[in-house]
Amino acid sequence: MRKELDRVRNIGILAHVDAGKTTTTERILFATGATYKQGEVHDGTTVTDFDAQERDRGITIFAAAVSVEWDGHRVNLIDTPGHVDFADEVERSLRVLDGAVAVFDGVAGVEPQSESVWRQADRYGVPRIAFVNKLDRAGADFAAAVASIRDRLGVTPIAIQAPIGAESGFAGMADLTADPGASLVEQVAELHSGALEEYVETGTLTPASLRKALRELTLSGAAVVVLGGSAYRNKGIEELLDAVVAYLPSPLDKPPVTDAPLAALVFKVQAAATGRLTFLRMYSGTLRKGTEVYEPGAGETERVSRILQVQADRHTDVPEAVAGDIVAIVGLKHARVGETLCDPRHPVVLEPPSTATPVVSVAVEARNRADAGKLATALARLVEEDPSLVVHSDAETGQTVLSGMGELHLEVAVEKMRQTGNGLAIAVGRPQVAYRETIVRGVSGLLFRLVHQNGGQGLFAHVQIDVSPVDGEELVFESTVVGGHVAKEFVRAVEAGCRDALAAGPIGGHPVTGVRVTLTDGRMHEKDSSELAFRLAGREALQQAFKESEMVLLEPVVEATVTVPDDMVGGVLGDLAARRGRVTGSTARSGTVVVTAVVPLAELFGYATRLRSRTQGRGTFTTSPAGYAPVPSGAVVR
């Protein structure tokens with residue numbers, strides 16, 4: 001098994017939208033013989049962008065898995081979305097990957113979403129190599145792209161290729177590792193102790209020593225190997241595959257477990273014609289058709305009826321899956337994203353991927369009252385497949401509210417319900433952003449007394465708290481109580497009550513963030529004090545503190561990167577200013593200007609249409625989250 005696992009690569013393709021990620025994946029499929037025709041994004045003939053919306057919009061929305069063979073190795077590859085609204089789909093994929101290829105535009109270099117997905121990969125410690133794409137385009141500059149990787153991402157890039165020709169004359173890449181020059185050798189020797197010893201002794205590095213050092217630097221994250229090419233023109237793809245095999249890790253290089261009983265992690269759930277598909281990464285053991293698996297989170301034991309090797313939307317039955325495999329299985333009804341599947345006799349829980357908090361919401365309802373049941377079923381399926389979508393009922397209006405990561409995310413979700421809802425007609429409200437409230441100036445020494453007698457055991461809790469603002473945290477809770485005035489278990493209860501109070505602030509009932517609470521004193525009663533009493537007291541005390549503090553409303557803001565023709569910049573800048581945008585920079589690039597600005601998310605609803613109208617269809621923009629900022633006095637809250 002160890003020999004077989006050494007020849008497995010579980011990798012993802014990461015990039016900013018339109019960097020050529022899906023085209024790179026299609027060329028990999030073609031080069032490995034997995035397909036016999038090169039799929040094109042603009043023709044809607046790609047394998048991994050198989051969903052109707054992906055083909056209509058020309059972007060990747062759903063992570064798609066494929067498996068190919070190269071140089072005696074099996075490469076399980078996941079093509080991930082590049083648009084910021086689908087960052088959670090990337091997050092779920094990264095949790096189960098061993099390595100990744102980051103694709104960069106040869107003209108633009110590191111773009112905002114490139115940086116975002118890079119940081120996501122950092123959180124999971126995923127080793128990466130870089131592929132600078134589109135080197136045949138006007139304005140492409142391999143050296144500048146490598147420099148942007150160093151400057152924007154804060155890593156050490158090592159270019160192991162050099163371009164042959166430029167722009168329309170681009171003919172391919174020259175391999176620098178076959179006969180390494182002094183510059184490459186010195187760069188590697190500076191970072192790798194073993195390579196340094198050989199370099200000091202011999203004055204050079206053999207190709208084998210160089211590649212071994214590059215692999216070890218990649219696995220440790222000390223450096224990033226950089227290659228280049230043009231996926232559209234099929235240049236550099238085979239060399240990229242060689243680099244995947246040579247430098248990215250096998251499951252043996254990053255094993256949580258390999259020879260233990262069955263352990264697998266669910267990272268995707270999808271409804272398909274073949275039934276409910278549960279996508280999983282095998283970490284240990286063997287899974288066979290008919291196997292019973294235990295799901296600790298659901299507390300359920302279910303039987304696997306089929307195991308499928310996945311080729312995007314095409315599936316092939318296989319008899320078993322072993323450690324290192326990425327497969328889909330049929331037969332599970334309860335397993336959700338993040339669930340562990342394990343041997344019923346050896347329960348284990350693997351760390352699930354994190355899920356971001358939604359920032360945009362819309363009200364949805366069935367146009368036909370008779371379809372209310374259909375809508376509920378469609379929403380339940382949506383949330384099951386995409387945990388970054390949240391559905392709740394508004395207590396004041398009674399409306400059903402769908403929340404997600406952005407305007408496009410919700411558009412895609414609603415359209416999916418329409419396509420799969422058996423004639424379901426849906427009415428959608430205007431998007432609303434997720435506001436927050438926070439403290440600007442707090443209070444000290446606030447005393448709250450809870451005393452309640454009803455004939456039996458009562459409720460008694462006195463708490464005294466100081467409340468102040470804090471950056472970067474939802475709640476920081478501390479206790480300076482001395483003398484045993486409040487028992488430890490009651491201190492924990494006060495903290496729980498304070499967390500309860502964060503659910504709704506005094507300005508508009510929005511969640512509260514950025515609060516420091518210090519429990520400074522309190523009193524207990526021998527019989528009537530309890531954890532419940534102190535939890536209630538903690539909640540009421542903090543809610544009272546909010547009313548006496550100076551509070552502000554926060555709104556989500558994004559960094560918008562707008563690319564426009566250089567003769568249309570004025571109108572675009574004026575429009576951004578009207579949307580309360582704060583311009584942070586601009587760069588001229590090949591007849592265009594790239595403007596970056598921090599803009600309230602609520603002001604960008606419908607901006608794509610407006611920008612196309614202002615620039616005769618030639619302007620584009622992308623966004624990346626930039627946190628929350630106070631809503632200015634007099635601004636319209638949408």
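Strands β27 (residues 459-469) and β29 (residues 515-523) run antiparallel and are joined by 8 bridges. Within this pair, Ser468 stands opposite Arg516 of β29. The model described here is predicted. Both strands belong to an open sheet of 4 strands with mixed pairing, in which the order is β26-β27-β29-β28. The edges of this sheet are formed by β26 (443-452) and β28 (475-479), each of which pairs on one side only. From one strand to the next, the twist averages 25 degrees.

Helix α13 (residues 488-501) lies across β27, β28 and β29, and its direction is at about 155 degrees to that of β28. Helix α14 (residues 531-548) also packs on the sheet, where it touches β26, β27 and β29. The direction of α14 makes about 40 degrees with that of β27.

A second open sheet, also of mixed pairing, contains 7 strands in the order β2-β3-β1-β4-β5-β9-β6. Its edge strands, β2 (64-70) and β6 (157-159), each pair on one side only. The twist in this sheet averages 30 degrees from one strand to the next.

Ala64 has Asp79 of β3 as its bridge partner.

Note on methods: Residues are numbered from 1 along each chain as its sequence is written. This is a predicted model: local features need pLDDT of at least 70, side-chain atom pairs count only at pLDDT 80 or more; totals for chains, interfaces and linings use all residues. Side-chain values use heavy atoms; hydrogens and water are left out. Two strands pair if DSSP finds at least two bridges between them. Helices (H or I, at least four residues) and strands (E, at least two) are DSSP runs, numbered from the N terminus. Axes are lines fitted to C-alpha atoms, for helices over the stretch in contact, and angles run from 0 to 180 degrees between N-to-C directions. Contact means heavy atoms within 4.5 Å.
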